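Biologist: I've got a model open and I'd like to learn how to read it. Can we go through some features together?

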Amino acid sequence: MVNQELIAKTAEKHDSFYLYDEAVIEERIHRLQQDFPGVYFLYSIKCNAHQELLKSVFSRSFGADAASAGEVDLAKKCGLSCNEIFYSAPGKSDDDLRTVMDDSIIIADSLGEIERIQKLAFESGRLCRIGVRLNPSFSMQDDIGSSSKFGIDEESFFAWAKSCPALPNIEIIGLHVHLQSQILEEDILGYYYDRMFALAERFYRLPGIRLEFLNLGSGMGIPYSLSDCELDTGRLGEIVNRRIESFCKVYSAVQVIIEVGRYVAGPAGIFVTKVMDKKVSRGKIYLILKNTLNGFIRPSLACLVGKYSDQDEPAGCEPLFTGLDAFQYEILKKSDSEDAESDVGPGASDTAPGAVDFVGMTSKKNDLFSDQVPLEKVTLVGNLCTSADVIAEDILLPTMVRGDLMIVKNAGSYAAVLSPMQFSSQEQPAEFFIRKKSR
């Protein structure tokens, strides 16, 4: 974790903020590039588009997975060339396509989109090199496909390709599939990648197709719950690299691509929020924090799912919901002299944390605080005028006072970018990027 003194110092000026640590990003990128030497990685901008973070990632030989014309522009401003930016999203407008045609490789998401790209390229006198996203006839774990808003059904594309009309302004050069995120089991990803190479071999044999890249999509997850295990990229690399080697012996001109977002950025970020008030209502203690639902929405969504689902472990819905026990909370408390003040009602100190007295961790199912620390049952809520603004209910925490800090881990991806910060015109959390040399 980022050093506690830096967190406390930042809290002197900001009641809520994100800190992104370049050292963590660098370490995780190095791990991927070492474990998958034959793979070209793309960073999925949608998970965190902080400008300094993008510059750091793209300076380390990563390309861009862009989900909008705006993200293509962000990648371009970071110095990436057309062949390093892959634009994949459903529902692209004609304006989107015109805007990015010279700046990215467009991944067509439907047969109709292919026809529109041909029309627009013809009108502008271009030859447009594109990829296609397929919805394959298999899933992550079996040989049964399903319907999807994403991509072209494999069977439909193959039938179209065998009898498609001439497309003089289009050259199809790549295949893209993405089925699922947040996978922590190497065998599941290995099985999926194996099925993808078989699909690529069938794709390669289609008339009028040149296969220059195979984008395996994403899938690499990070531990959220304390019961999760870190994905073993070394073991996964051993599985995948053998398959890549055999594939490239036959298809030597094909570049193998994997997209990552949260794997690189997620563990590199923390969200820090300050206790703004503390109150007791009919015997229940509430800690009111700055910017919860409107600062980092995912913990609030986990609470909502837990409240309305009748399942002990509801299925995830990425990137909004991973699991009920997906977030842990660490504490930075004030000095003993400040803790001595009243923690409920008037008189609580407004001073930000100084010397750090205590750091611990809690979650809905696991309390890791020392037995020597006095605990109290509290509900963590935010400062919005809605009862949905809750991130944890009836959990045990050390006794906290106004000005103490709550730290949420794994906040480097799908955090600030997802949160409804316009609601109620509240002050928004600040975002800071910690350069490796300044840690």
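Predicted model: local features only at pLDDT ≥ 70, side-chain atom pairs only at ≥ 80, totals over all residues.

Biologist: Okay, a loop then. Where is P319 placed?

Modeller: P319 sits in the loop between helix 11 (297-308) and strand 13 (329-332). Have a look at the peptide bond from E318 to P319: it's cis, with omega near 0 degrees.

Biologist: At what angle do helix 2 and helix 9 pack?

Modeller: Axes are lines fitted to C-alpha atoms, for helices over the stretch in contact, and angles run from 0 to 180 degrees between N-to-C directions. Helix 2 (residues 22-35) and helix 9 (residues 233-250) pack at about 30 degrees, their axes 9 Å apart. Angles under 35 degrees count as roughly parallel, over 145 as roughly antiparallel, 65 to 115 as roughly perpendicular and the rest as oblique. So helix 2 and helix 9 are roughly parallel.

Biologist: Which residues make the contact?

Modeller: Contact means heavy atoms within 4.5 Å. Helix 2 brings R31, L32 and D35, and helix 9 brings T233, G234, G237 and N241.

Biologist: Now helix 4: which of its residues are buried?

Modeller: Buried means under 20% relative accessible area, exposed over 50%, partly exposed in between (1.4 Å probe, protein chains only). In helix 4 (residues 69-77), the buried ones are A69, E71, V72 and A75. They span an arc of only 160 degrees around the axis, so they're on the same side of helix 4. That arc is taken from the directions from the helix axis to the C-beta atoms. Among what covers these buried residues are helix 3 (51-58) and helix 5 (94-100). Just after helix 4, G79 has a positive phi of about 95 degrees.

Biologist: What about Y414: is it buried or exposed?

Modeller: Y414 counts as buried because its relative accessibility is 10%. Its phi is near 50 degrees, a positive value in a residue other than glycine. You'll find Y414 in the loop between strand 17 (405-408) and strand 18 (430-434).

Biologist: And S425, buried or exposed?

Modeller: S425 is at 69% relative accessibility, so it counts as exposed. S425 lies in the loop between strand 17 and strand 18, and has a positive phi of about 50 degrees although it isn't a glycine.

How values were computed
Residues numbered from 1 in each chain as written. Heavy atoms only, no water. Helix = DSSP H or I, 4+ residues; strand = E, 2+ residues; numbered from the N terminus.
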